[in-house]
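Below is a short briefing on one chain. The sequence and structure come before the notes.

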Amino acid sequence: MEDMLSAQEIASHCSPSSCWIVVDDKVYDVTSYLNEHPGGSAVLVKQGGTDATAEFRKIHSPDVLGYLPKDACLGTITAAARVALPISSASAESAAGADVAAELPHISSVVVANDFETVAKVVVPTKTWSYISSSANDGSSLRGNLASWAAVRFRPRIFRDVTTVDPQTSILGTVSAFPFYVSPMGQLGRGHPVRELGVAGLGRRGVHGVMSTESTAKMEGHRGRSS
Ligand code: HEM
């Protein structure tokens, strides 16, 4: 088995007739799944023979591996294979305008949410942009959210001693470290390698968050404040 899962052997299975990919140190023979893959066979063949973990995590929760045939997992790669194996550089998506990266404004001039949106539209891959910038159905909730944010006004105050300020409050009867919570956002892996685990990290700091069912990290992996 060790021989079979050497980097050289794995790398040779990179065609539609035999396609192996590595996710989280495990080798999967996805050949019989190619034509069933909802994202198409081409994207899997592109990852064939490589460690596709990073690309896989951008889009999928480990739960989707359950769709593969029972005998698809061929085993775990050796430590030597992990080092030698090519890491997939074939992104499942093409960036909308990677060539303009050099012209991006300095982060110090990207201040309000709209500024981030303008830059993101240029740099994030097209599918990711479509996903994160869209909304459900006719968009009334999205418009409502924007209107709610616009209605918030900060009352100007004279800056006084803030050493004992405590922003803790209560949301729906539960203590919250801050007067806000994080709404569910799906497919966070498309935007950042930390994925939904970042929201779970906020939970440990007393900020409530709601996990999306479209999570790219395993739901069981989210450990918030109460656990
Ligand atoms: C190895 C086992 C894999 C399985 C079992 C699998 C399964 C699935 C499933 C069930 C979907 C439908 C959408 C969903 O429920 O999330 C999907 C969509 C998709 N998958 Fe995979 N997938 C695998 C690997 C990969 C890899 C390695 C990539 C490339 C990085 C990939 C890229 C995509 C894309 C681009 C879509 C279309 C969804 C979209 O664009 O939003 N998949 N896959």
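**Contacts of isoleucine 10**

Apart from neighbours within four places in sequence, isoleucine 10 is in contact with Leu5, Trp20, Val22, Val27, Gly49, Ala81 and Leu85. Two residues are in contact if their C-beta atoms, placed from the backbone, lie within 7 Å. This is a predicted model, in which local features need pLDDT of at least 70 and side-chain atom pairs count only at pLDDT 80 or more, while totals for chains, interfaces and linings use all residues. Residues are numbered from 1 along each chain as its sequence is written.

**Chain overview**

- The chain has 8 helices and 6 strands; helices (H or I, at least four residues) and strands (E, at least two) are DSSP runs, numbered from the N terminus.
- Read from the N terminus, the elements follow the order α-β-β-β-α-α-β-α-α-α-α-β-β-α.
- Of the 227 residues in the chain, 19% are buried. A residue is buried if 20 or more other C-beta atoms lie within 10 Å of its own, exposed if 12 or fewer, and partly exposed in between, with C-beta atoms placed from the backbone.
- Among contacts with a separation of 6 or more, 69% are between residues 24 or more positions apart.

**Nonpolar core**

- The largest nonpolar core holds 17 residues, of which Ile10, Ile21 and Val22 touch the most other members. Such a core is a set of buried Ala, Val, Leu, Ile, Met, Phe, Trp, Tyr and Cys residues joined through C-beta atoms within 7 Å.
- Two or more residues of this core come from each of α1 (7-11), β2, β3 and α2 (41-47).
- Strand β2 gives the largest share of this core, with 5 residues.
- In soluble globular proteins, nonpolar side chains tend to be buried together.

**Sheet**

- Four strands form an open sheet in the order β1-β2-β3-β4, with antiparallel pairing; two strands pair if DSSP finds at least two bridges between them.
- At the edges are β1 (14-15) and β4 (73-76), each of which pairs on one side only.
- Strands β2 (residues 18-23) and β3 (residues 26-29) run antiparallel and are joined by 4 bridges.
- Across this pair, tryptophan 20 has aspartate 29 in β3 as its bridge partner, and isoleucine 21 stands opposite tyrosine 28 in β3.
- Antiparallel strands β3 and β4 are joined by 3 bridges. Here tyrosine 28 has cysteine 73 in β4 as its bridge partner.

**Positive phi values**

- Most residues other than glycine have a negative phi.
- Aspartate 24, which is not a glycine, has a positive phi of about 50 degrees.
- The hairpin of β2 and β3, with 2 residues between the strands, is where aspartate 24 takes this positive phi.
- Aspartate 24 is partly exposed, because 13 other C-beta atoms lie within 10 Å.
- Arginine 195 also has a positive phi, near 55 degrees, in a residue other than glycine.
- In the chain, arginine 195 sits in the loop between β6 (174-176) and α8 (197-204).
- Arginine 195 is buried, because 21 other C-beta atoms lie within 10 Å.

**Helix α7**

- Helix α7 (residues 140-151) has 12 residues and reaches 16 Å from its first C-alpha to its last, close to the expected 16 Å at 1.5 Å a residue. The expected span is 1.5 Å times one less than the number of residues in the helix.
- Helix α7 is hardly covered, with 0 buried residues among its 12.
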